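Take a look at the structure first.

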Amino acid sequence: MEFGNQTLLKELIFTGFSQNLQICIFMFIFFLIIYTLIILGNSFMICTIIISPQLHTPMYYFLCNLSFIDLGYSSITLPKILLDAFSMRRRISIIWCFAQMNTGLFLGSTEDSLLAVMAYDRYIAIRFPLHYSTIITWRACHIITVIMWSGNFLITVMPIIAKPLVFCKGNQLDHFCCEILAVLELACGDVAFHKMTIFFASFFTLLAPFIFIVVSYISIIISILKIHSEGGRSKAFSTCASHLTVVLMLYGTSMITYVGQTMSTSSNLKYFALVYGVVTPVLNPLIYSLRNQEVKEAFKTILSKSSAAWSGS
């Protein structure tokens, strides 16, 4: 690859959202609140599931994975956004940019796959309740987890490691983080390999899981319609609607970004990234977990035991 007399870059500068002081203050407060809620909500879920024996089931095992991913995904971007809020030059080294980009791709694609696995888990639980324990075994859960994490690593990270990017087209990145499609705009040489890799990887990490989720929920809804209790149907429909809302937000913006924008990038990428990278990690604990009666009961049990321990001491 020939770069001529171009100087290879060692750092990039985020344009972010605005340099206006009032907007910066608002954005700092907004992202601080969001990140605090993400930490509290997802940490609450992880700790409650680990501590409570009654939640040691496959469903909550996958929920624990989801909370872990949301914590990691938000932590690779939001602290940097908060640090850069009042900075005139929002710099990031190339090494850290690669780390942020690869980690984001890896965790994001893993979450997409995990949501599909969770939809399948609910499908089996509702359609085949008597056979659930023989189908969704702990051995099956562990195998799924290994395949899910290792498979997404190979699909998203290995192509970039195999053919690293080199930057020499300027250092202004029109984003608030190192999103791969925005980063490719600054890369030297032919980036067709990376764009095609993203496009085909998106089929396996976005489109296929999304179709699988839709089919699973159609089957779940058909089963719900057979429930004789009106209250049971209403509760089940409410839960499904909440789950599908998050799925549509996550997959909708992700597919627009990675499937629709692969061939031609857009300045709107960073706004789509806000939805699947910032908003969904806040909503996931609320919709998938905190509305769950079993989680509430487990948390009440933890609180009562803690209160008894403190009063006894």
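A disulfide here is a pair of cysteine sulfur atoms within 2.5 Å. Searching the whole structure turns up one disulfide. Keep in mind that this is a predicted model: local features need pLDDT of at least 70, side-chain atom pairs count only at pLDDT 80 or more, and totals for chains, interfaces and linings use all residues. Residues are numbered from 1 along each chain as its sequence is written, and side-chain values use heavy atoms, leaving out hydrogens and water.

**The disulfide**
- C97 and C178 are joined, with S to S at 2.0 Å.
- Their link is left-handed, at -120° about the S-S bond.
- C97 sits in helix α4 (residues 94-127) and C178 in the loop between β3 (172-173) and α8 (180-184), so the pair ties together parts 81 residues apart in sequence. Helices (H or I, at least four residues) and strands (E, at least two) are DSSP runs, numbered from the N terminus.
- C97 is buried, at 1% relative accessible area; buried means under 20%, exposed over 50%, partly exposed in between (1.4 Å probe, protein chains only).
- C178 is buried as well, at 4%.

- C177 is in no disulfide, and its nearest cysteine sulfur, that of C178, is 6.9 Å away.
- C177 is buried, with a relative accessible area of 7%.

**Helix α9**
- α9 (residues 192-225) bends by about 40° at S202, taken as the angle between axes fitted to the seven residues ending there and the seven starting there.

**Confidence**
- pLDDT, the predictor's per-residue confidence from 0 to 100, averages 83 over the protein, and 87% of the residues score at least 70.
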